[in-house]
Amino acid sequence: MARIPLNPPATPLTRLAARYCRRAYGKVLDPVLAMGHHTGVLLATSVFELAAVRWKRLDPGLKALAVMASAASIGCSWCMDFGFWENRQHGMAHEKLRDVPRWRDSDVYTPLERHVMEYAEAMTATPPTVDDALVERLRQHLDDAQLVELTQMISVENLRSRTNAALGLASQGFKDSCDIPAGGPVTDRP
C-alpha cells in the first residue's frame, strides 16, 4: 500500500503528466502521482527521464536486463511490473523477462547478458561490490560509451526502485496485460 496519497494537487504540470501517461501507458503511473505532491521533483524527474530515453549507445535488450536486475535486487514490485510490460511492448522474450530474478539458474541468457545482470546486482548492492574482473569482462564486449550508459542506467534504476519501494508503490497491473499462456492467465502475483 502506498505510503503517500496518490491524489496530488491538480496543477498544470500534474494534469499534463497525467495526460501524457494515459496516452503513453493507458493509465497514470503511480510514481508520477506520488511525485505530483512536489512539482519541482516531478518536473526535474520528467525532464531527466525524457533525456535518458534518448541514450542509444547500449543495446536496448542489455539495458532492459540491467534495469530489471537492479529492480529485482531492490525488490521494487512496481518497477518489475512496469519493466515486464514495457519490455514486452518492445519485443523482448517473455522467458528472459520472467527469469530475471533467477537469472543465475536460467539457461535463456547469453554470457554478455549474464555479465550485465551481475554488474547490475553488484552496483545495486550496499555497498557496491563491483570489481575489476567484472568490468573487464564487460569491456570485452562494450566500448567506453556503452559501459558509461550501462552504469548510468543502473544508477537511474536504483533511484527509481529505491524511491518507489520507500513510498510503498506496488505493482500496478501492467504485467497482467502481457502474455497469457495457453493454460490461463499469469498468476505469479500474490
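A compact globule of 190 residues would have a radius of gyration near 16 Å, and the chain comes out at 17 Å, so the two agree (the radius is taken over C-alpha atoms, and the globule rule is 2.2 Å times the number of residues to the power 0.38). This is a predicted model, in which local features need pLDDT of at least 70 and side-chain atom pairs count only at pLDDT 80 or more, while totals for chains, interfaces and linings use all residues. Residues are numbered from 1 along each chain as its sequence is written, and side-chain values use heavy atoms, with hydrogens and water left out.

The C-alpha trace spans about 50 × 45 × 30 Å along its principal axes. As for secondary structure, there are nine helices and zero strands (DSSP runs, numbered from the N terminus: helices are H or I with at least four residues, strands are E with at least two).

Now for helix H5, residues 77-89. Several H5 residues are buried, including Trp78, Phe82 and Trp85 (buried means under 20% relative accessible area, exposed over 50%, partly exposed in between, with a 1.4 Å probe and protein chains only). The buried residues of H5 pack against H1, H2, H4, H6 and H9. Just after H5, Gly91 takes a positive phi of about 90°.

Lys63 belongs to H4, residues 60-74. Lys63 is buried, at 13% relative accessible area. Beyond its neighbours within four places in sequence, Lys63 is in contact with Trp55, Leu58, Glu149 and Met153 (contact means heavy atoms within 4.5 Å).
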